[in-house]
Amino acid sequence: MYYGEIKRRDIANGPGVRVSLFVSGCRHHCPNCFNRETWDFRYGQPFMSKQAEQILNDLKPDFISGFTLLGGEPFEPENQKDVCELLKLIRSRLPHKTIWCFTGGVLETDLWQPSPWRTEWTDTLLQQLDVLVDGPFIEAQKDLRLVFRGSRNQRLIDMPATLLTGKVQLLTLDSN
């Protein structure tokens, strides 16, 4: 897996101050994507154990709320194994940190059902998440007032509640 950037202090991609990893590779190719350079699977640098340890160290301070995974597309089959191993490592060493993931896929049709994005790693990857932000960016539904998403079709999914019930449970963020 390649990655484009690791943001050590990110306030735009989830609540609080977070560490964010932008993986490389995306076949969605959403028109007007904010991060087109990450469509290339070889963009940036190879993700190695050194970067995983850097992320773990960056997550340690109490003022860091958690980790966010985005891209590119974390659920591209080429990325899922490495992403899953990283998330399991974060969960085991820092269980109090929240994990968010952004995907251009849709949970019910792309990740739960047979699709090009579903692999042997998908279910384990989903089990590591606190919040999944799903859905492609759609320019016609762009809304700058939305919290942590770019278009109205995208959803903030509470993954523990969703996995418990088997039905999508949306996260509601306090607007105060």
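In strand 4, Gly-66 is the bridge partner of Arg-18. The structure is a predicted model, in which local features need pLDDT of at least 70 and side-chain atom pairs count only at pLDDT 80 or more, whereas totals for chains, interfaces and linings use all residues. Residues are numbered from 1 along each chain as its sequence is written, and side-chain values use heavy atoms, with hydrogens and water left out. Helices (H or I, at least four residues) and strands (E, at least two) are DSSP runs, numbered from the N terminus.

Strand 4 pairs with strand 2 in the parallel sense over seven bridges; two strands are taken to pair if DSSP finds at least two bridges between them. Strand 4 also runs parallel to strand 5, to which four bridges join it. Gly-66 stands opposite Thr-98 in strand 5. From strand 4 the chain crosses through helix 2 to strand 5, and this β-α-β crossover is right-handed, a term that applies if, with the strands pointing away from the viewer, the path from the first strand over the helix to the second runs clockwise. Strand 4 is largely enclosed by the rest of the structure, because seven of its eight residues are buried. Burial is assigned by relative accessible area: under 20% is buried, over 50% is exposed, and values in between are partly exposed (1.4 Å probe, protein chains only).

Helix 2 comprises the 17 residues 77-93, which at 1.5 Å a residue should span 24 Å; the end C-alpha atoms are 25 Å apart, which agrees. The expected span is 1.5 Å times one less than the number of residues in the helix. Buried residues of helix 2 are Asn-79, Gln-80, Val-83, Cys-84, Leu-86, Leu-87, Ile-90 and Arg-91. An α-helix has 3.6 residues a turn, so residues three or four places apart point the same way. The buried residues of helix 2 pack against strand 2, helix 1 (49-59), strand 4 (64-71), strand 5 (98-102) and helix 4 (122-127).

In helix 1 lies Asp-58, which is buried, with a relative accessible area of 5%. The side chain of Asp-58 makes a polar contact with the side chain of Arg-8 at 2.8 Å. A polar contact is a pair of N or O atoms within 3.5 Å; within protein, one must be able to donate a hydrogen and the other to accept it, and residues adjacent in sequence count only if both atoms are side-chain atoms. Apart from neighbours within four places in sequence, Asp-58 is in contact (heavy atoms within 4.5 Å) with Arg-8, Arg-9, Val-19 and Ile-64.

Gly-4 belongs to strand 1 (residues 2-10) and counts as partly exposed, at 28% relative accessibility. Gly-4 and Val-23 are 19 residues apart in sequence, and their C-alpha atoms are 5.9 Å apart in space. With neighbours within four places in sequence left aside, the contacts of Gly-4 are Phe-22, Ser-24, Tyr-43 and Gly-44.

A search of the whole structure finds two aromatic pairs. Rings of Phe, Tyr and Trp (its six-membered ring) pair if their centres lie within 6.5 Å; planes under 30 degrees apart count as stacked, over 60 as edge-to-face and the rest as tilted. Tyr-3 and Phe-47 form an edge-to-face pair, with 5.9 Å from centre to centre and 90° between the planes. This pair links distant parts of the chain, with Tyr-3 in strand 1 and Phe-47 in the loop between strand 3 and helix 1, 44 residues apart. Both Tyr-3 and Phe-47 are buried. Trp-100 and Phe-148 also form an edge-to-face pair, at 5.3 Å centre to centre and 80° between the planes. Here Trp-100 in strand 5 and Phe-148 in the loop between strand 6 and strand 7 are 48 residues apart. Trp-100 is buried, with a relative accessible area of 2%.

Most residues other than glycine have a negative phi, and most peptide bonds are trans. Phe-148, which is not a glycine, has a positive phi of about 60°. Asn-32, in the loop between strand 2 and strand 3, likewise has a positive phi, near 65°. The peptide bond from Gly-71 to Gly-72 is cis, with omega near 25°, and Gly-72 lies in the loop between strand 4 and helix 2.
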